[in-house]
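Please read each point with the model open.

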Amino acid sequence: MEIEKRKVNPREVALKVIEKVEKGSYSNLELNAQFKKDLSEQDKNLATELVYGVIKNRIRIDYIISKVSSISVGKLDNIVLNILRIGVYQILFLDKIPSYAVVNESVKLAKKYRKFSAGFVNAVLRNVIRKINEIEYPDEKKEPERFLSIYYSFPKWMIARWMELYGYEFTKELIQALNEKPRLCIRVNTLKVSVDELKTILEKEGYEVNKGYFIDEALYLVKAHNFTDSESFMKGYFQPQDEGSLLVVRALGVNKKDRVLDAAAAPGGKTTYIAQLMENEGQIIAWDIHPHRLDLIDKLCEKMGVSIVKTEQKDAAIIDEKYTAYFDKVLVDAPCSGLGVIKRKPDIKWSKKAEDILLLRNEQLKLLKTCSNYVKPGGVIVYSTCTLEPGENEDVVYSFLMENKDFQLDDLKPLLPEKLHPYIKNKGILQTFPHIHGIDGFFIARIKRVK
């Protein structure tokens, strides 16, 4: 591919990654691949900012381009369009880069990859700089759905769905929160180090550290510069993990020597936290359908000092009678639309469609039914997702309970922090929202087998 043979800079890196994401690649994987090249930390940060910024704000950026360009957005060469998007993002959102530098760098990029377009790129970006404060967006009162979709860059179907479910103001606050930069939350590995000890170590390593909102083992790293190279990370003292994910594990209520199944375990963050809460005693079976993902779990367990996990390649939607009524606790962290983690994975805005919800719901219900067979009488199954969509959450759980009278919702309050108790529904269900709880959007249902 022509673009890959040339020497790169941060804006070129961003251009390459955005091009590949539009063809179906994952932004984080593409960025990691590009970062294997000789790039400074500053350049990596800028490339990351540009990639996620453009992906996150694509509709608004295209709207602005459409207001000042002599050629419609739909007719632009794709590389030219993405060069413009990267330029407009910098003009609109990055205060520290002078406008003239944005134009110069964009024109250089255009000359390098689409020489014919250099004058056009120069003209469009200069128009944007001149008119940026005059751009008129749809009227918020007359066209609320269209306004939210364009101004905050979310697909129309998503906005329409959330407005129907939650109302206008709730939706507006939600999407504003989903557009914020994610904070880095880490889980302290108390099998190796205490919370206070790690906090001291991290501060000596130059990090500013804040406590978690809900979980004692959660810490937030402010200005988390290159944490993967830190000695404390390489020693397995901590693992990046959102507090929503930690709450899911807490909802299991595991005890030492329990038998636990993590039915969709890779890459192993929740699995190793389960082992941590069990103080590395008992038994955890961790399944994943892909062998290479089992390797991720094994490596993470080794790094975190976890020895009670046995990984098995398994499709959790297919019954394995060997494990019927075998486990005390079962975690079904179901594959989902991921709408609750858009802040971390903005690609989801464009990769998911409304019709995906129904397909996922059917798969999730099948998974929950199958895995419920593995729970002992008196045991517990926790069903969780990282989405905000009731069709994948409450609907799945209530459909399951309607058809399976041996199970009922079980009380979450003894297992979760008191400040979350007002948000627990029907005793055993919790949905977190980024704009309300300050963490990712997770759904948790604790279901007990009563006979």
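1. Start with a definition: a residue is called buried when its relative accessible area is under 20%, exposed when that value is over 50%, and partly exposed in between. By this rule Asp 77, with a relative accessible area of 29%, is partly exposed. Please keep in mind that this is a predicted model.

2. Asp 77 has a charged partner. Its salt bridge is with Arg 114, and the closest N and O atoms of the two are 3.2 Å apart. Arg 114 has 19% relative accessibility and counts as buried.

3. The structure holds 25 salt bridges. Another of them joins Glu 105 to Lys 108, with 3.5 Å between the closest N and O atoms. Both residues are in helix H6, 3 residues apart, so about one helical turn separates them. Glu 105 is partly exposed at 22% relative accessible area, whereas Lys 108 is exposed at 52%.

4. Glu 143 and Arg 146 also form a salt bridge, their closest N and O atoms being 3.4 Å apart. Glu 143 has a relative accessible area of 34% and is partly exposed; Arg 146, at 36%, is partly exposed too. Elsewhere, salt bridges that share partners join Glu 22, Asp 62 and Arg 85 into one network.

5. Now the domains. The protein is divided into domain 1 (10-134), domain 2 (144-179), domain 3 (184-240) and domain 4 (243-449). How many residues does each side give to the contact of domain 2 with domain 4? Domain 2 gives 16 residues and domain 4 gives 18 residues. The C-alpha centres of these two domains lie 27 Å apart. Together the two domains bury about 1,500 Å², of which 71% is on carbon and sulfur atoms.

6. The interface of domain 2 and domain 4 has 1 salt bridge. Glu 389 and Arg 161 form a salt bridge, with 2.4 Å between the closest N and O atoms. There are also 5 residue pairs in polar contact across the interface of domain 2 and domain 4. On the side of domain 2 that touches domain 4, helix H9 (156-166) and helix H10 (168-178) are the elements that give two or more residues. H9 gives the most, with 6 residues. By class, this side of domain 2 has 12 nonpolar, 2 polar and 2 charged residues.

7. Thr 171 lies in helix H10. Is Thr 171 buried or exposed? With a relative accessible area of 0%, Thr 171 is buried. The side chain of Thr 171 reaches the backbone oxygen of Trp 162 at 3.2 Å. Beyond four places in sequence, the residues that Thr 171 touches include Leu 148, Ile 159 and Met 163.

8. Thr 385 lies in strand S9 (residues 375-385) and is likewise buried, with a relative accessible area of 0%. Its side chain makes a polar contact with the side chain of Asn 393 at 2.6 Å. A polar atom of the Thr 385 side chain also lies 3.3 Å from the backbone nitrogen of Thr 387. Cys 336 is 49 residues from Thr 385 along the chain, with 6.2 Å between their C-alpha atoms.

Notes
Residues numbered from 1 in each chain as written. Predicted model: local features only at pLDDT ≥ 70, side-chain atom pairs only at ≥ 80, totals over all residues. Heavy atoms only, no water. Domains from an automatic or database assignment. Contact = heavy atoms within 4.5 Å. Buried area = accessible area lost by both parts, 1.4 Å probe. Salt bridge = Lys/Arg side-chain N within 4 Å of Asp/Glu carboxyl O. Polar contact = N/O pair within 3.5 Å; in protein donor to acceptor, adjacent residues only side chain to side chain. Helix = DSSP H or I, 4+ residues; strand = E, 2+ residues; numbered from the N terminus. Nonpolar A, V, L, I, M, F, W, Y, C, P; charged D, E, K, R; others polar. Buried < 20%, exposed > 50% of the residue type's maximum accessible area, 1.4 Å probe, protein only.
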